[in-house]
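Open the model in your viewer and keep the selection panel at hand. The tour goes stop by stop.

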Protein chains: 4
Amino acid sequence: MANKQFYGVIPPVVVPLDNERNLDVKSFERSINRMIEAGVNGLFIMGSSGEVAFMNDAQRYELLGEAVRIVDGRVPVLAGIIDMETLRVIEQAKRAQEYGVDALVATAPFYALGGPRENERHFRLIREACDLPLFAYDLPVCVHTKLEPEMLVRLGRDGVLQGVKDSSGDDVQFRWLVLLNEDAGHPLSLLTGHEVAVDGALLGGADGSVPGLANVNPCAYVRMQQAAEQGDWQKVKEEQDLLARLMWVTRGIVKEVGFGAGVGAFKTALWQMGVFDTNQMREPVQPLDGSDVAHIARVLAECGMLDPSMPLRTR
Amino acid sequence: MANKQFYGVIPPVVVPLDNERNLDVKSFERSINRMIEAGVNGLFIMGSSGEVAFMNDAQRYELLGEAVRIVDGRVPVLAGIIDMETLRVIEQAKRAQEYGVDALVATAPFYALGGPRENERHFRLIREACDLPLFAYDLPVCVHTKLEPEMLVRLGRDGVLQGVKDSSGDDVQFRWLVLLNEDAGHPLSLLTGHEVAVDGALLGGADGSVPGLANVNPCAYVRMQQAAEQGDWQKVKEEQDLLARLMWVTRGIVKEVGFGAGVGAFKTALWQMGVFDTNQMREPVQPLDGSDVAHIARVLAECGMLDPSMPLRTR
Amino acid sequence: MANKQFYGVIPPVVVPLDNERNLDVKSFERSINRMIEAGVNGLFIMGSSGEVAFMNDAQRYELLGEAVRIVDGRVPVLAGIIDMETLRVIEQAKRAQEYGVDALVATAPFYALGGPRENERHFRLIREACDLPLFAYDLPVCVHTKLEPEMLVRLGRDGVLQGVKDSSGDDVQFRWLVLLNEDAGHPLSLLTGHEVAVDGALLGGADGSVPGLANVNPCAYVRMQQAAEQGDWQKVKEEQDLLARLMWVTRGIVKEVGFGAGVGAFKTALWQMGVFDTNQMREPVQPLDGSDVAHIARVLAECGMLDPSMPLRTR
Amino acid sequence: MANKQFYGVIPPVVVPLDNERNLDVKSFERSINRMIEAGVNGLFIMGSSGEVAFMNDAQRYELLGEAVRIVDGRVPVLAGIIDMETLRVIEQAKRAQEYGVDALVATAPFYALGGPRENERHFRLIREACDLPLFAYDLPVCVHTKLEPEMLVRLGRDGVLQGVKDSSGDDVQFRWLVLLNEDAGHPLSLLTGHEVAVDGALLGGADGSVPGLANVNPCAYVRMQQAAEQGDWQKVKEEQDLLARLMWVTRGIVKEVGFGAGVGAFKTALWQMGVFDTNQMREPVQPLDGSDVAHIARVLAECGMLDPSMPLRTR
């Protein structure tokens, strides 16, 4: 099946900027190569963690072009086609398609909400307008809609969707989605975006994960995936424990809330670890500093990802 | 003050389509002229009621060009510059500016939420990028953020904002916004988007309203505004009562929910009244039909806006 | 009609405690008498502002007994019968009834939520179990359900409900409630709990208000009500402006959030004004202190309700 | 440690009523004995699934007395002490304590919400007033507050809490709770109320579960728990898959929403299986009937818990 190529660890790629907020191509190469060398099974460009909402179209497609060039076919590239409503999403789909990506990832409509009927029609219209495998991105925290398992599997059976990235935080619905998908012959590749509970999702039958935290520690996610494939669930749990602790980089941030705290923490960790050259964010979000940076470095050190005897990097 | 030109009744313009979902320019002219002849004080193009979220950029700017041409300076034109985050909004601002509009209307960032600090920085960055009067559009139902009165007035005093369209449904905060704005010397033109409670807002000190329902009955809103200016509050209340009943066109819709029920009802009313030629909606929303159309016609008849002896228009 | 006796200003009575958290009967008499002498049209005992949720039953009925004794028939007494679900509410109703109160006030079920059908059945079952006039208390912030206007008026027509205290903050639904109630022959006394927007509610047709802030300044609410009855809407608006500014006692509280900030501010204001002897709260809420007390005193002084040259009262 | 006795499968007991809505003692014995014989490790009386919100105190303590008598020391009994705020909860705690139960289960305050400070003080005050092991019941769907892991573990370390029933649906926070609890020396027994995702919770380190669905199929939950203790995670997943499918008894209910659909489906299943004599509910909730009963019977049959050749039981 078409979706068999989409499984395992597919990090949503966090994007390094220079101090003037331009794409830092060198750091981007470093980070992408680091994840591919760790053994990830794909990369998701222009997801929420990739600051897709904050980029104008020129920036989006500069980024996508560089990503495709750097990845160079080593792993599949999924591209977010995030916009408010159907026609705008279709425009993003058509453009992304030209860059040679392997799949597209679309949310339900947001801003002007309808009901399940509009959501289903939305995905069907995107399908009519493009040829690539299509993932539904279930992300109520941004989209304010929860996609129902029955609808997703119906769209899978009808060839509209080839997968789901579930970032809904609703593991009950996800379990039902897995079961319904099995009953239908597994038309959908089911990926959890829930980086702190990947172990349970894999045990329950997920095909893989889209963990933002895998930008920081891709190796542990790859080890967890491999242990799951081998049925070594004790090992799966241990890797997840380590990663759950590492996720504390995003907790207790005092200066920022919401997006700026979460992705801001990932960028700050990558900066302190030397993968990125700064932790610059896109407007209107500001980079973390002061005690927030110290907190992140401390968590990294506790998780063995930073030498605690080294001084903090400063801007 | 710059904002003195923005007051009174400024309908958010509902957009007629033909059956192929192209802009129906003739109906658009008919509806805009009808509102201007009724005495409205401005027109807001590309607001939520104008299906801004559903249009790609080509459609947005075709619409804006036609609107500016039709209005031809008779009243001020405000243009929505609705997009996810700051840079995308700024692109919309720069483009809208070229069409000769009189003011811009921007929401806070949506999709990837931050906190009040990001919201404030967002409006300041838009101001730096454009010269026109700028309105903040407070619309938590779409944007999932409530703008604080203190921040809005601070942005008014600093020359960043010239007005607020308040569709928050929070009349307590709106009252405080009015008082703080008075204390600061009235830098902001304060417009309520709350079409069923305009009377209370005017009594409390609002400068005007942005009522979607004014597409259906502009005359009553104009009469209400004039009565308020004359201090005839009994008359204000009577007009509002009539309009509150007319707003029942949007209630009890069985086929659609959310946006499709609300704006769908306005379009259906305008169609039945002969202002629009169809009630076509933009994808993925479908037009109302069957019993929903009959319900809307009945409400129109009860409010004296449709001859009940005439047959329903059908598609 | 039975409900004709319930109109005008009906404050939800805030309850003074001594430092050991017992009812401070002297302060309670002082505050009740102060409100009755100001001309209020009724008193609502054991509402949310009366800390009903925080009292065990012994405390509730000690309070109710004292209230009925102090009021002594000078104005109607409404008693809250607040509990989780129907049977528990009915027990409260039967007990409150024995104290000689004039009406009962019940919310929809909370904790275990159902739908509109359960809410309607709930009120019908309360009616079957008691004889007094019954008000529905629409308070989504505590109850997490919004009561629909159509259902409320149906219950009014059927003699189940005699009134509504609307603290929903939804002035659109309230306007429709007023209109539907008129169409049905005005079976319901409609009171707004929205103390900062009473003017708009009265203009729109409300029968009165249940403003917590009237504990602090009953006279202004009485003047506003009288001005409304005389059609002097400019005067109504001026009184509301003053009261909207006075409501800032509840804003910018730094030590507490939610209930403790709102009712805590009212108690602190009454304490600083000498009506209460302390600002003690019920467990687990703590009284405001420090800069929050100073803020409240400053707002009171700005509104002419406290002599700014006097030192703050301290505990 | 005191909490060592609370682990494994602890069903929240669903309560059978006769047609007059009195406790059906015979069915209650049958159901409790069935669960104990299946090997459950405890029983939680007067939880949300036990309709605690719908009972007056007389009914609550009749039920608790019968439960303690029937259980007769075979497994620990946990008793819900559910009420609005601290003092009312303490009254429930003192009374429940007299019935010889083994532990108490309390939510955070609801109805009048404060912040984390009030929640923490609330649990500390309950601890001061009673001697039994105390569980925090984290149930935002009813309580509208999420309890933070750090606070829960602090309360565990201080001897205030001995366990948590987590029905928050937030498996990220639950994972962090498990890790923090380990770091503190495991003061808390951590039970998930998430019956469809128990496998992931056990893999992640939960001490047990409080699954409402275990009233319907206690054996499978016991088998899942035992498999987890033996490290047979493939078996754990298989049992969970079966139970996730069985949980569809609660989905697609057309006549009721919310509580009445969920617990109503459990009662209807137990009735059709012959464990209960009716599926009667407490006022104002009505029992399921018609196509909803047929749906539930079909799911039971598909899960091998009902002979599909037998006619439906009717009332």
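How many residues of chain C are in contact with chain D? Select both chains: 46 residues of chain C are in contact with 47 residues of chain D, contact meaning heavy atoms within 4.5 Å.

Before moving on, note the ground rules. This is a predicted model, where local features need pLDDT of at least 70, side-chain atom pairs count only at pLDDT 80 or more, and totals for chains, interfaces and linings use all residues. Residues are numbered from 1 along each chain as its sequence is written, chains are lettered from A and ligands numbered from 1 in the order in which they are written, and side-chain values use heavy atoms, with hydrogens and water left out.

**Stop 1: chain C against chain D**

Stay on this pair. About 3,700 Å² is buried between chain C and chain D, and carbon and sulfur atoms give 57% of that area. Buried area is the accessible area (1.4 Å probe) that two parts lose on being put together, summed over both. Now pick C:Arg88, C:Tyr111 and C:Pro284. They supply 22% of the area that chain C buries against chain D, more than any other three residues.

Next, look for charge pairs. There are 8 salt bridges between chain C and chain D. The rule asks for a side-chain nitrogen of Lys or Arg within 4 Å of a carboxyl oxygen of Asp or Glu. Select C:Asp83 and D:Arg88 to see a salt bridge, 3.4 Å from N to O. Polar contacts between chain C and chain D number 17 residue pairs, both residues at pLDDT 80 or more. A polar contact is a pair of N or O atoms within 3.5 Å; within protein, one must be able to donate a hydrogen and the other to accept it, and residues adjacent in sequence count only if both atoms are side-chain atoms.

Which elements of chain C give two or more residues to the side that touches chain D? Color helix H2 (57–71), helix H3 (86–97), helix H4 (116–129) and helix H5 (140–143) of chain C. Helices (H or I, at least four residues) and strands (E, at least two) are DSSP runs, numbered from the N terminus. The residues on this side of chain C divide into 21 nonpolar, 12 polar and 13 charged. Here Ala, Val, Leu, Ile, Met, Phe, Trp, Tyr, Cys and Pro count as nonpolar, Asp, Glu, Lys and Arg as charged, and the others, Gly among them, as polar.

Superpose the two copies. Chain C can be laid on chain D by a turn of 180° and a shift of 0.0 Å along the axis, with an RMSD of 0.0 Å. The same surface serves both copies, as 100% of the contact residues of chain C recur in chain D.

**Stop 2: chain B against chain A**

The area buried between chain B and chain A is about 3,700 Å². Pick B:Arg88, B:Tyr111 and B:Pro284, which supply 22% of the area that chain B buries against chain A, more than any other three residues. Between chain B and chain A the count is 8 salt bridges. One to display joins B:Asp83 and A:Arg88, at 3.4 Å from N to O.

Chain B can be laid on chain A with an RMSD of 0.0 Å by a turn of 180° and a shift of 0.0 Å along the axis. The two copies are thus related as by a two-fold rotation axis.

**Stop 3: across to the other chains**

Select C:Arg251 and B:Glu148. They form a salt bridge, with the closest N and O atoms 3.2 Å apart. This pair crosses between chains: C:Arg251 sits in the loop between helix H10 (233–246) and helix H11 (259–272) of chain C, and B:Glu148 in the loop between helix H5 (140–143) and helix H6 (149–157) of chain B. Now try chain A with chain C. They do not touch, and their nearest C-alpha atoms are 17 Å apart. Chain B and chain D do not touch either, with nearest C-alpha atoms 17 Å apart.

**Stop 4: the sheet of chain B**

Show chain B as a cartoon. In what order do the strands of its open sheet run? The 8 strands follow S1-S8-S7-S6-S5-S4-S3-S2, with parallel pairing. Two strands pair if DSSP finds at least two bridges between them. Strand S1 (8–9) and strand S2 (43–45) of chain B are the edge strands, each pairing on one side only. Zoom to strand S5 (residues 134–138) and strand S6 (residues 163–166) of chain B, which pair in the parallel sense over 4 bridges. End on B:Phe135, whose bridge partner in S6 of chain B is B:Gly163.

Technical notes:
Least-squares fit on C-alpha atoms with pLDDT ≥ 70 in both.
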